[in-house]
Structures are given as C-alpha cells and as structure tokens.
Amino acid sequence: MKKLGLRAICHCAILVAMEVVLNRFCSIQTPFLKIGLNFIPILMGAMLYGPIGGAIVGGLGDLIGALLFPFGPYHPGFSICGALMGAVFGFFLYQNSRVFDNKNRVRFWRNMVVPVVANSVIFALFLNTLWISQLYDSKTYWGFFISRIPQELGMGAVKLIFIPILVPIARQLRKLGLVRYVDRTKVQVVKEEDAQE
C-alpha cells in the first residue's frame, strides 16, 4: 500500500465535503434511523485510494459533519465505525488489492456482498446500535437493534446496486489520469536495481 500523495489528499478532502453534504443535508434522519446516499463518497474514496482513502473519507466525513452540523449528541464511536467501514470497502474494492483476480474484475460475492454484509452487520447493526443505546441512556439495545434491521437491509441492497455503477466511474477517472496508481511490482524492481548499483 502506497502513501497518499498531495493530489490524493485533495481528492479525499473533496470526497469528505461531499460526504458531509450528503449525510447532513440530503438524507432522512431520525434519532435511530438514517437513510441517505452518503456512502457514495466513501465508496469512491475506497475504490480510488484503498483502505486508507476509504477510512479518511468515512471517519473525517462523520467527524466534521457531527461537529459542524450536529444531529443529536456526538459519540466518537460513530466516526471510528465510519473509518472502519471505509477501510473494509477499500480492502475489497481497491483495484490493487489482493482480493481482485488477475483481470481486475469485480466479483459479486467476493468484492461486493462480503464488504456490504460485514459493514452492515458488524459496524452498522451491532456497534452503531451500541453507540445509540449509550447516547440515549437506554437499556433496550435489542429494541434499537431490531428496529434498525429493515434500514440496514434496505441500505445494503442500495449499496449493492451502486457499487457496479461506481466501479466504471472509478476506472474512467484512472483512464483520464485524474487518479494515478503505482504498480507495486515495478516499484519493487526499481528499488532492487538501485540497491544493486
């Protein structure tokens, strides 16, 4: 995994701003449920820059949005979960990841279903429900959990629809030269040649 350069950091900052706008102004929110398209910038950050980019967009987007445009009390667990969700998407959707096959095709089960289910179950249902029950000083964790299942099923299906739409967009951005990848094998060969001289 390469370090993010200045251009990548600028792109991630734009995606963070998009995530804040989509999350805070273009979504339906109640204290317990949230339906929106704020996952799109997180997916793009993950596809373009891997786990680091996905984590930056997911974590900072939630943190900045919560601090500038609060919707109820803030809990740092939401930002941590946002960063971890972005990292999981980055691990499974980043083209240079080892999860891709030799032809760099996005596989439905391996690259799409696994990260969506993992994020929905582990982070959105179990952990975010825990943070909600802590914030509202409630002993009804399982009540919140059960009420959030339909939301996560619906949002998981929406994510599965959007991932195949966003993958060609990410590839087109690479072809246009807006996002540059460094081939790890070429970098290692060059370093070995320099070391031998």
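This is a predicted model: local features need pLDDT of at least 70, side-chain atom pairs count only at pLDDT 80 or more; totals for chains, interfaces and linings use all residues.
Local features need pLDDT of at least 70, side-chain atom pairs count only at pLDDT 80 or more, and totals for chains, interfaces and linings use all residues. Residues are numbered from 1 along each chain as its sequence is written, and side-chain values use heavy atoms, without hydrogens and water.

Start with two helices (DSSP runs of H or I, at least four residues, numbered from the N terminus). Helix α2 spans residues 39-68 and helix α3 spans residues 76-93. Their axes, lines fitted to C-alpha atoms over the stretch in contact, lie 7 Å apart. The angle is about 175°, on a scale from 0 to 180 degrees between N-to-C directions. The pair is therefore roughly antiparallel, a label for angles over 145 degrees.

Which residues of α2 and α3 make the contact (heavy atoms within 4.5 Å)? Among them are I42, L43 and A46 of α2, and F78, S79 and G82 of α3.

Now the cysteines. A disulfide is a covalent bond between the sulfur atoms of two cysteines. Here the rule asks for a pair of cysteine sulfur atoms within 2.5 Å, and the count is 0.

Last, S27. This residue sits in the loop between α1 (6-24) and β1 (28-29), where a strand is a DSSP run of E, at least two residues. S27 counts as buried because its relative accessibility is 18%, and buried means under 20% relative accessible area (1.4 Å probe, protein chains only). Its side chain reaches the backbone oxygen of N23 at 2.5 Å.

Technical notes: Angles under 35 degrees count as roughly parallel, over 145 as roughly antiparallel, 65 to 115 as roughly perpendicular and the rest as oblique. Contact means heavy atoms within 4.5 Å. Buried means under 20% relative accessible area, exposed over 50%, partly exposed in between (1.4 Å probe, protein chains only). A polar contact is a pair of N or O atoms within 3.5 Å; within protein, one must be able to donate a hydrogen and the other to accept it, and residues adjacent in sequence count only if both atoms are side-chain atoms.
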